[in-house]
Amino acid sequence: MREQISPAGSVSGSIQLPGDKSISHRYAMLAAIAEGPTKISNYSSGADCQSTLACVRALGAGVESNDGVVCIHGQGLDGLHQPAAALDAGNSGSTIRMLSGILAAQPFVSTIGGDESLSRRPMERIMKPLAQMGARIDARDHRFPPLTIYGGKLRALEYTLPVASAQVKSCVLFAGLFAKGRTTVHEPLRTRDHTELALREFGADVDVERLSITLTGPAKLQGRELRVPGDLSSAAFFLVAALLVPESSLTIRGVGLNPTRSALLDFLVEMGAQIKILDVTASGGEVIGDVLIRKSSGTAGGRDGVRGGVLEKARTAALIDEIPVLAILGAASEEGLIVRDASELRVKETDRIATIAENFQRMGLKIQLHQDGFEVPGRQRFHAAELDSFGDHRIAMAFSVAALAADGPCAILGADAASVSFPEFFATLQRVAQ
């Protein structure tokens, strides 16, 4: 699909975003192995989270969807059954990595794969700890999907993550739900804690001490009524859009403000963004609130105080999904953006360092690449161009935002990639960008 984006004079209004993708995945998987029904309102409409629903349905959990509420009839820890065919995770790395922890404990063999992009993403990081817990996993070339998982009785494990990853942490903890004893994951850096919060909501015994998370199994989970907050990662595109375009005032309602995710807002404030948090509440252990962002008059090139910044170490890990759109803000800022310790970007849906650079070149923007990051000078001008998503949802959305500050209309090739996480993205952008 080809989408044309015209330059905007302002980004203003009030929007409510689809449910957080990360939380939706976790709620659905835990609901499938809980006892009794779980009702999830504001479940993500993205294709990735629909892949998770299809997988748990194929494993025997009843799934109903009505008026924005997903009801999953949990089968308990021992109630899932062997799927009739290979499980299809689509484009979702979250689905294949986290669900594999549950599949590893089942008394049957299962195969899980995905689309061409997912089939290029390495899986050693989950295969190693699951093998140490007693599972046997076959993979293409010993590292790529599809995975064939020979499930069975698992052993509790104490495991230190070689690289900070919320998905790998979740995979090990989900496997630990079935193992007798204490499963502990040590993180090198703090990652998003949606899994720990969700496990507690469903009734699991979870202890967190600094960078160590311990779960006692086997666990007995109970179905719940839960609401998914609006997706802060999706909000990032609109926050940056408001900072790129003068005379903007945008309110994003019901956004998840989990402290392990709020690094985005902290970083934007440090860059000079005018952000206010309103009407803070809590649901399911998650903090939720409204975010108001304003951009005063000035040019799109950052002359009114949007400074630059540096992303490295723990902050890079916390903002790994937001880096594509932050790179664009960096180009429009006063001082630019430096990104280090981001080698994980090389193995996302695309090599995001390469795809960011390609679209920068098309827009006439300067960028200096490194193996684990890049440097973007500030005060740059965005030129109209034909841009490409390369099949990556975050690249599609990030450069749609860049197009708002260009000197003419831009075309986004492969714009339908946005539906992986945010099917309503272009309609929402059109509503607020005028």
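Strands here are DSSP runs of E with at least two residues, numbered from the N terminus. The close-ups below all come from a predicted model.

**Figure 1. The whole chain, before we zoom in.** Let's start with the overall picture: the protein chain holds 13 helices and 23 strands. Its radius of gyration is 21 Å, close to the 22 Å that the globule rule gives for 434 residues, so the chain is as compact as a globular protein of that length. The C-alpha trace spans about 60 × 45 × 40 Å along its principal axes. Of the 434 residues, 60% are buried. Among contacts between residues at least 6 apart in sequence, 75% join residues at least 24 apart. The accessible surface comes to about 15900 Å², and carbon and sulfur atoms account for 48% of that. There are 44 positive and 48 negative side chains, with the centres of the two sets 3 Å apart.

**Figure 2. Strand S5 and its partners S3 and S4.** Strand S5 (residues 69-75) runs antiparallel to strand S3 (residues 35-41), and seven bridges join the two. Look for Ile40, which stands opposite Val70 in S5. S5 also runs antiparallel to strand S4 (residues 62-66), this time with five bridges. Here Glu64 has Cys71 in S5 as its bridge partner. S4 and S5 form a hairpin with two residues between them, and Asp67 in the turn has a positive phi of about 50 degrees. As you follow the strands, remember that side chains in a regular strand alternate between the two faces of the sheet.

Figure 3. Pro145 and Pro146 are joined by a cis peptide bond, with omega at about 5 degrees. Pro146 belongs to strand S9, which covers residues 144-150.

**Figure 4. A cis peptide bond at Gly217 and Pro218.** The bond between Gly217 and Pro218 is cis, and omega is about -5 degrees. Pro218 sits in the loop that links strand S13 (212-217) to strand S14 (225-227).

**Figure 5. Arg210 in the loop between S12 and S13.** This residue is found in the loop between strand S12 (205-209) and S13. Arg210 is not a glycine, yet its phi is positive, about 55 degrees. Its relative accessible area is 81%, so Arg210 counts as exposed, the cut-off being over 50%.

**Figure 6. Pro246 between helix H7 and strand S15.** The loop shown here lies between helix H7 (232-244) and strand S15 (248-256), and Pro246 is part of that loop. With a relative accessible area of 18%, Pro246 is buried, since the cut-off for buried is under 20%. Gly114 is 132 residues away from Pro246 along the chain, and their C-alpha atoms are separated by 42 Å.

**Figure 7. Helix H8 and the glycine that follows.** Helix H8 takes in residues 263-270, and its buried residues include Ala263, Leu264 and Phe267. After H8 comes Gly272, with a positive phi near 110 degrees.

**Figure 8. Helix H11 and its neighbours.** Among the buried residues of helix H11 (residues 352-362) are Arg352, Ile353, Asn359 and Phe360. The buried residues of H11 pack against several elements, including helix H10 (323-332), strand S21 (373-376) and helix H12 (393-403). Gly364 follows H11 and has a positive phi, near 75 degrees.

**Figure 9. Phe390 on the way into helix H12.** Phe390 is in the loop between S22 and H12. Although not a glycine, Phe390 has a positive phi of about 55 degrees. This residue is partly exposed, with a relative accessible area of 35%.

Note on methods: Residues numbered from 1 in each chain as written. Predicted model: local features only at pLDDT ≥ 70, side-chain atom pairs only at ≥ 80, totals over all residues. Heavy atoms only, no water. Helix = DSSP H or I, 4+ residues; strand = E, 2+ residues; numbered from the N terminus. Rg over C-alpha atoms; globule rule 2.2 N^0.38 Å. Buried < 20%, exposed > 50% of the residue type's maximum accessible area, 1.4 Å probe, protein only. Contact = heavy atoms within 4.5 Å. Areas by Shrake-Rupley, 256 points an atom, 1.4 Å probe, with all protein chains shown as cover. Lys, Arg positive; Asp, Glu negative; His and termini not counted. Charge placed at Lys NZ, Arg CZ, Asp CG, Glu CD. Pairing = 2+ DSSP bridges.
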